[in-house]
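Biologist: I would like to learn how to read a model of this kind, beginning with the places where chains meet. Could we take the features in turn, with the general idea before each case?

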4 protein chains.
Amino acid sequence: MSLADSRPQQRGPARGRPRSEAVERAILEGVMKLLEDGVSLAELSIERIARTAGVGKATIYRRWSGKEELFVDVMRAAEPPDPELPGTSMRDDLVVLLESMRLRGLANRSSAIMHNVHAQMKSSPKIWAAYNTSVIRPRRERGLEILRRGQRDGELRSDIDLELANDMFVGPMLVRAVLRPDMELPEGLAERIVDTALAGLRPVSPPGG
Amino acid sequence: MSLADSRPQQRGPARGRPRSEAVERAILEGVMKLLEDGVSLAELSIERIARTAGVGKATIYRRWSGKEELFVDVMRAAEPPDPELPGTSMRDDLVVLLESMRLRGLANRSSAIMHNVHAQMKSSPKIWAAYNTSVIRPRRERGLEILRRGQRDGELRSDIDLELANDMFVGPMLVRAVLRPDMELPEGLAERIVDTALAGLRPVSPPGG
Amino acid sequence: MSLADSRPQQRGPARGRPRSEAVERAILEGVMKLLEDGVSLAELSIERIARTAGVGKATIYRRWSGKEELFVDVMRAAEPPDPELPGTSMRDDLVVLLESMRLRGLANRSSAIMHNVHAQMKSSPKIWAAYNTSVIRPRRERGLEILRRGQRDGELRSDIDLELANDMFVGPMLVRAVLRPDMELPEGLAERIVDTALAGLRPVSPPGG
Amino acid sequence: MSLADSRPQQRGPARGRPRSEAVERAILEGVMKLLEDGVSLAELSIERIARTAGVGKATIYRRWSGKEELFVDVMRAAEPPDPELPGTSMRDDLVVLLESMRLRGLANRSSAIMHNVHAQMKSSPKIWAAYNTSVIRPRRERGLEILRRGQRDGELRSDIDLELANDMFVGPMLVRAVLRPDMELPEGLAERIVDTALAGLRPVSPPGG
DNA sequence: GCCTAACCGAGACGGTACGTCACGTCTTTTA
DNA sequence: TAAAAGACGTGACGTACCGTCTCGGTTAGGC
């Protein structure tokens, strides 16, 4: 279900002409095209989006109540699918998870773009909450699940706070991918982060384990 | 020196009526007052700022070339001073540094505000660069300096990448302070992060082995 | 036959579902109700008319090509029937004719309303022409007929221009009824106008001199 | 004084940049140009007027609160000056007055135009009242003054209602000039109307006067 | 004690975008 | 095929700001 659903009520079997899915796609595609073409977020007006998508303004407002709500869906449409985890070990799963974050930072339809959309959403608490709930939170939950399993399997110290542990892995990657777009994201970064952080989180294994 | 300096040139000993510093303060104070009063960033127009500060629009444009440039100075004015480091050990210095980040996240004149200004600036690359250079970068450099000294003194493994190490400390705090305003920032968090990260970064053999 | 008739052609015995006359009435009644309720002409949109009448927009457009054409029919529906003339004399007939104009000006379903519809139609030459042909012209023709008979019967000088004479009667009433809605339309006005104008139009020598 | 005067208050000696008279003229000229070029009143949007006059929309709204208020001033600007009266007799004055109405109907910058503006204004009672007060009423008053003088000088029966008498002259001209744009307005019409109406209004002069 | 240049407030100016509304057309389902 | 419902592209509405530009009036030197 999309945020774009603001139909007043669903009384009965859908009366009147149904909304065109093609139009919906055209709008989202239009926004992404503009962003890729180097149009800054501040220059992106509803009016311009409508012109680009060959669509009336009202058609946009019928689906989204404003620029920010639209951007949530743009982000969602641009998000790559969550990676499949190997499941061989906690360490390997974490590497894959962080690697997907790295790739997202590099090549998310066009790296610098989503970045700004991201930033824009932050200045609207309501929208940020929506994005948080529907995108960020599930992803974080995935990391926590990996750690829980790792703790159960003895790959992680049992006295560790999982929330904090998660941030120990995710934080360093985020500093670079989100906050510092000018910083390099070299191949192997995910592995180095996981292994470095893990060094302090692993159980004190019996020396001759 | 402030970004607000855009006097055309300095030919001779300043002719005509000099710019009023009181006016400058009134503008910055006005912006902060508005933000504290719950006015969202999007609602903050130059026109409104001028009205609030009892100032002509041209008087603002004479000092800053636009909203973003003004916000950089607002941020700067609201930044708490960098903390004094104890210097007793790398670990203690890091704790103090992270603790200052935590406090910034909690109580920076009014926590959620600067947050948004921060976010806003990110969508203007030019301004972000300015802020980066004059605020972020020096602070990061401070962290790296601590780590360099720690490496020299044997508190940190010598084979470690300092940039990465820095992110191992800063990242977890940033995840919470910047990206997740809803997450708790309890007392002692700085200490826990430093100690946990340090566990994997300390030299294997005790320095004074 | 109504202006509302825009069926493409009448091939054969009318195929498909026939148009509902009830719908037609509902629309015209709806417009009049709205006007009586103080809704100004400018506020009267097709969309609102459809909503009020509980009718689809297309249903209106199927009958009239636009707002003005619809208003012509509204006017026609609201016009009181032409008065029956006594036929006792030219003077009496003229009094009755002008009296009906006076009443129209006072109480035409709701005085000020039709006024505005009238004014509106004037800014659309095409529609004005239609209204002119089907409503105004026949009424004028009736006045001229009275005058012709009067001239034949010796109640009117034979050298008089009938068109001009007609305007001498109709004009003064119109100035008040149409152009000056704030001006009083007292009982007996028709009689006074006719007698005053007639004073200069009667033959000098008594007919049966 | 113009209707265009909607300055909030006149506190003190006029602060801020004064409104440009050139802009005011450009707008009024623009409207008249458009009307002359055959643009119908319904097609005349504020947006289009602004485009034509090379002016921002706000600049128009700063002076007039809407289309109708603007049209009042357009009408005023297009009104020819009131004619100078010969003063030789009531009859001659009336002829000149009606002749000026005839010419207004024929050649008022472009006959059919002002017509429509006139009609448009009628559907907005408030505006019609303003136009009535500032244009219509003074002109009517002029006619009444002529009649009063005529009555004093013995050119008019003393028992006649002046308001009604005025309508006897003005009405016939108005029927043609305002309500029936298709009707001819031949030279000499004013004279014929005055003389015909006067026939019934003159004092019963002593036969051998 | 002037002169002059820049500052200051106010607010007009040509623009662009806002979010809403109505236009007249179209595409559904139901009758 | 009509009818109600409502989506669609279009374009005007009246408002708010944008950044620039006059205005009248300060407020400092430098003369």
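Modeller: Contact means that heavy atoms lie within 4.5 Å, and by that criterion 35 residues of chain D are in contact with 34 residues of chain C. This is a predicted model, in which local features need pLDDT of at least 70 and side-chain atom pairs count only at pLDDT 80 or more, while totals for chains, interfaces and linings use all residues. Residues are numbered from 1 along each chain as its sequence is written, chains are lettered from A and ligands numbered from 1 in the order in which they are written, and side-chain values use heavy atoms, with hydrogens and water left out.

Biologist: What is the area buried between chain D and chain C?

Modeller: Buried area is the accessible area (1.4 Å probe) that two parts lose on being put together, summed over both. Between chain D and chain C the area is about 3,200 Å², and carbon and sulfur atoms give 60% of that.

Biologist: How many salt bridges are there between chain D and chain C?

Modeller: A salt bridge is a side-chain nitrogen of Lys or Arg within 4 Å of a carboxyl oxygen of Asp or Glu. The count between these two chains is four, and among them is the pair D:Asp167 and C:Arg176, whose closest N and O atoms are 2.5 Å apart.

Biologist: Which rotation superposes chain B on chain A?

Modeller: Copies are superposed by least squares on the C-alpha atoms of residues with pLDDT of at least 70 in both. A rotation of 180 degrees, with 0.3 Å of shift along its axis, brings chain B onto chain A with an RMSD of 0.2 Å, which is the relation of a two-fold axis. The same surface serves both copies, since 100% of the contact residues of chain B recur in chain A. For chain D on chain C, a turn of 180 degrees and a shift of 0.3 Å along the axis give an RMSD of 0.3 Å, and 97% of the contact residues of chain D recur in chain C.

Biologist: How many helices and strands does chain A have?

Modeller: Helices (H or I, at least four residues) and strands (E, at least two) are DSSP runs, numbered from the N terminus. Chain A has nine helices and zero strands. The unreviewed UniProt entry annotates residues 45–64 of chain A as "DNA-binding region", although such annotations may be inferred rather than shown by experiment. That span is 75% helix and 0% strand, with its end C-alpha atoms 14 Å apart.
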